[in-house]
Amino acid sequence: MAAAKTDDKSDAAGLAAMIARAAGQAVTIEGAAPRGVPPVERWNPPFCGDLDMEIRSDGTWFYMGTPIGRPALVRLFSTVLRKDEDGKTYLVTPVEKVGIRVVDAPFLAVEMTVTHRDGEPVLSFRTNVGDVVEAGPEHPLRFEIAGEHAEMKPYLHVRGRLEALVSRAVMYDLAALGEEIDIDGVPTFAVRSGGAVFPMMPAETLAALAE
């Protein structure tokens, strides 16, 4: 069977309506759900199999091999995402749980703003699905060095076990805020936000990469 076109109400939009009804949300004719996130962490429905849905590393959602082009549908799906202890990501309602594929992180941080509170910097990020998250003790940043070119990949905790990969453009702005901080006696390149310090890499590693 050919992949369904996700701008038809009979497929992705119909799936969105089903999820919204099961989650007790109201959906408009355009598929938009109210803002806010259902309490998916408290739901314990049976596993109903895997769904042919994938979130690519650039934040694009695919359903049956076709990109979901309607942001309202993506926003709705994102509100019922949950990553469980098994490391897999699911769409969860009170009555069912279905598995989906996530190539990297389920969200993408596409914008960052810098403000100050009590003299301390506060970094706020907006994700591709509309979440606004302040980096801090409850929403830490973590950094990985990945790939053959040792590229830095920052991740921001959003909710539950779900993270947002910081987009490349925002990553450069984030790295520009870094400073050398002594952490447990080790000079470390790090960034501050919300009263917390988030290490990027040892200062000597940064120096070696810059050579």
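1. The model is a predicted one, in which local features need pLDDT of at least 70 and side-chain atom pairs count only at pLDDT 80 or more, whereas totals for chains, interfaces and linings use all residues. Residues are numbered from 1 along each chain as its sequence is written, and side-chain values use heavy atoms, with hydrogens and water left out.

2. An open sheet is formed by 6 strands in the order 9-8-7-12-11-10, with mixed pairing. Strand 9 (132-134) and strand 10 (141-146) stand at its edges with a single partner strand each, so one side of each has no neighbour in the sheet. From one strand to the next, the twist averages 40°. Helices (H or I, at least four residues) and strands (E, at least two) are here DSSP runs, numbered from the N terminus, and two strands pair if DSSP finds at least two bridges between them.

3. Within this sheet, strand 11 (residues 151-159) and strand 12 (residues 162-166) are paired in the antiparallel sense over 4 bridges, and Leu-156 has Ala-164 in strand 12 as its bridge partner. Helix 3 (residues 168-176) packs on the sheet, where it touches strand 7 (107-117), strand 8 (120-127), strand 10, strand 11 and strand 12, and its direction makes about 30° with that of strand 7. Contact means heavy atoms within 4.5 Å; axes are lines fitted to C-alpha atoms, for helices over the stretch in contact, and angles run from 0 to 180 degrees between N-to-C directions.

4. Strand 6 (residues 97-102) pairs in the parallel sense with strand 1 (residues 47-55) over 4 bridges, with Ile-55 standing opposite Val-102. Strand 6 is also joined by 4 bridges to strand 5 (residues 89-92), and these two run antiparallel, with Tyr-90 opposite Gly-99. Strand 5 and strand 6 form a hairpin, with 4 residues between them.

5. Not counting residues up to four places away in sequence, Leu-174 touches residues including Phe-125, Leu-141, Phe-143, Val-191 and Met-200.

6. Arg-126 is placed in strand 8 and is partly exposed, with a relative accessible area of 36%; buried means under 20% relative accessible area, exposed over 50% and partly exposed in between (1.4 Å probe, protein chains only). Its side chain makes a polar contact with the side chain of Glu-111 at 2.7 Å, the term denoting a pair of N or O atoms within 3.5 Å, where within protein one must be able to donate a hydrogen and the other to accept it, and residues adjacent in sequence count only if both atoms are side-chain atoms.

7. Most residues other than glycine have a negative phi. Met-64, in the loop between strand 2 (61-63) and strand 3 (66-67), has a positive phi near 55° and is partly exposed at 26% relative accessible area. Asp-184 likewise has a positive phi near 55°; this residue lies in the loop between strand 13 (179-183) and strand 14 (186-193) and counts as exposed, at 77% relative accessibility.
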